[in-house]
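The sequence and structure come first.

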Amino acid sequence: MKKIKTIAIAVIIMLAGTITTFAQTTKSTQQSDYGGVIQKTGDYHIEMVKTETKILFYLLDANKKPLANKNVSGTVLFQYSDNTTSTATLITVGDDGFTAKNDKINKSTSEVVTLKVNGKTITATFKNAKEPVQKEKPHGHSHGEDGHHH
């Protein structure tokens, strides 16, 4: 009888471990699909996706799921290495994104996004990583660590 109880407990522990692992995997897939940098701000998150020529922001809920951009407005303050700044009004893109027009997007060192959501103002600051911004289109070959390989 002890052996059956021990086996039953072992099976339950294994199943519990599998369920926990599955729950963790499921939870991580709730992360945003946009591949950007996410900042928490109050009850929300704001995600920034920056490429060489454009910048996109997404408003996410507490679980990092995208929220509709309807009735949400905002601005972005671009800061540059020469201590200058420029501000742009966010323009809605699709059902859940925002963009801003700026000819010097790839030159900014940080962005301060301010959104007005349900009468509440939320702000997030994104400091640019030292790595290059996302490339929009690969150009057909790899450079390797020390430049071109021919």
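## Basis

Helices (H or I, at least four residues) and strands (E, at least two) are DSSP runs, numbered from the N terminus. The model is predicted: local features need pLDDT of at least 70, side-chain atom pairs count only at pLDDT 80 or more, and totals for chains, interfaces and linings use all residues. Residues are numbered from 1 along each chain as its sequence is written, and side-chain values use heavy atoms, with hydrogens and water left out.

## Thr123

Thr123 lies in strand β9, residues 120-127. Its relative accessible area is 38%, so Thr123 is partly exposed (buried is under 20%, exposed over 50%, partly exposed in between; 1.4 Å probe, protein chains only).

Apart from neighbours within four places in sequence, Thr123 contacts Thr41, Val112, Val113 and Thr114, where contact means heavy atoms within 4.5 Å. Gln39 is 84 residues from Thr123 along the chain, and their C-alpha atoms are 9.4 Å apart.

## Salt bridges

The whole structure contains two salt bridges, each defined as a side-chain nitrogen of Lys or Arg within 4 Å of a carboxyl oxygen of Asp or Glu.

Lys120 pairs with Asp43, with 3.5 Å between the closest N and O atoms. Lys120 is partly exposed, at 43% relative accessibility.

Glu111 and Lys50 form a salt bridge with an N to O distance of 2.9 Å. Glu111 belongs to strand β8 (residues 108-117) and Lys50 to strand β2, 61 residues apart. Glu111 is buried at 0% relative accessibility, and Lys50 is buried at 8%.
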